[in-house]
Amino acid sequence: MRLIGLTGGIGSGKTTVSNYLTTTYRLPIWDADLYAREAVEPGSPVFKQIVDRYGRDILLYNGNLNRQKLACLIFSDSSERTWLEQQIHPFVRHCFVNNIKQLKAQKIQNPDGNPYADGVLVIPLLFESQMTDLVTEIWVVYCPLEQQYLRLIEREKINFGRLLTTEEAEAKINSQMSLAEKCKQADIILYNSSTPAELFKQVDAAIRGQNIP
């Protein structure tokens, strides 16, 4: 089986790459961020643990988790971030393991499958969460730090209608392993500092096992 672990830094372009892989090559995409959101849905064990720890002030008026408030808490305190990740990561891993089991069962029925790969696991904290054993190769999407800042600030403005301060942006980026360190452990490095077309050329080469231009 060929299972691609797709990772990178905040704002480096992981979603751009995963969207391209699924639309162009019809690859199944499994996203750790989606599973992490599912883990904290109202009524879940993790949701209850969060409310027990921070009180009902961490909730919105409709009873859902105030994700923006929680983000401010965990990005300003590494110990709180570590605690939250310890609650969420086992659930995320369980989801991936189930996906892989189902995929193996499907391959028994259809051994030919997709000629390029069997699936893509998008895991921003691939190394930090110790999930590298779930994949057969690691792709890191890289961009310069300055671009990370700009993309993060723009994304925050679009999603939440607010401007991040320099300190807030720095705290979010520094909460993860540096891109330089991730690149040292990568099988494939995709450089996303130019145009989408240039990035997609690299993805095409990587998925086909060719030298990246």
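Mentor: Begin at the interface of domain 1 and domain 2, where the rule finds three residue pairs in polar contact, both residues at pLDDT 80 or more. The model is predicted, so local features need pLDDT of at least 70 and side-chain atom pairs count only at pLDDT 80 or more, while totals for chains, interfaces and linings use all residues. Residues are numbered from 1 along each chain as its sequence is written, and side-chain values use heavy atoms, with hydrogens and water left out.

Trainee: What makes a pair a polar contact?

Mentor: A polar contact is a pair of N or O atoms within 3.5 Å; within protein, one must be able to donate a hydrogen and the other to accept it, and residues adjacent in sequence count only if both atoms are side-chain atoms. Three residue pairs across the interface pass that rule.

Trainee: Which elements give two or more residues to the side of domain 1 that touches domain 2?

Mentor: They are β3 (119-122) and α7 (166-174). Helices (H or I, at least four residues) and strands (E, at least two) are DSSP runs, numbered from the N terminus. The residues on that side of domain 1 divide into 11 nonpolar, three polar and four charged. For that division, Ala, Val, Leu, Ile, Met, Phe, Trp, Tyr, Cys and Pro count as nonpolar, Asp, Glu, Lys and Arg as charged, and the others, Gly among them, as polar.

Trainee: Where do the bounds of domain 1 and domain 2 lie?

Mentor: Domain 1 is 1-28 + 117-208 and domain 2 is 33-107; such bounds come from an automatic or database domain assignment. The two centres, taken over C-alpha atoms, are 20 Å apart. The contact (heavy atoms within 4.5 Å) takes 18 residues from domain 1 and 14 residues from domain 2.

Trainee: How much area is buried between domain 1 and domain 2?

Mentor: About 1,500 Å², with carbon and sulfur atoms giving 70% of it. Buried area is the accessible area (1.4 Å probe) that two parts lose on being put together, summed over both. M1, M131 and L134 supply 30% of the area that domain 1 buries against domain 2, more than any other three residues.

Trainee: Why is the pair of R93 and D133 called a salt bridge?

Mentor: A salt bridge is a side-chain nitrogen of Lys or Arg within 4 Å of a carboxyl oxygen of Asp or Glu. For R93 and D133 the N to O distance is 2.5 Å, so the pair falls inside the limit of 4 Å. The count between domain 1 and domain 2 is two salt bridges, and the structure holds eight.

Trainee: What makes K182 and E128 a salt bridge?

Mentor: Their side chains meet at 3.9 Å, N to O, and the limit is 4 Å, so the pair counts. The partners are 54 residues apart in the chain: K182 is in helix α8 (residues 179-184), E128 in the loop between β3 and β4 (137-142).

Trainee: How does the pair of D118 and K107 come out?

Mentor: The closest N and O atoms of D118 and K107 are 3.0 Å apart, and the pair forms a salt bridge. D118 is in the loop between α5 (78-109) and β3, K107 in helix α5, 11 residues apart. At 10% relative accessibility D118 counts as buried, whereas K107, at 24%, counts as partly exposed.

Trainee: Is H89 buried or exposed, and what does H89 contact?

Mentor: H89, in helix α5, has a relative accessible area of 17% and is therefore buried. Leaving aside neighbours within four places in sequence, H89 is in contact with L125, S129 and M131.

Trainee: Why is Q130 called exposed?

Mentor: Q130 has 64% relative accessibility, so Q130 counts as exposed. Q130 is in the loop between β3 and β4, and its phi is near 55 degrees, a positive value in a residue other than glycine.

Note on methods. Buried means under 20% relative accessible area, exposed over 50%, partly exposed in between (1.4 Å probe, protein chains only).
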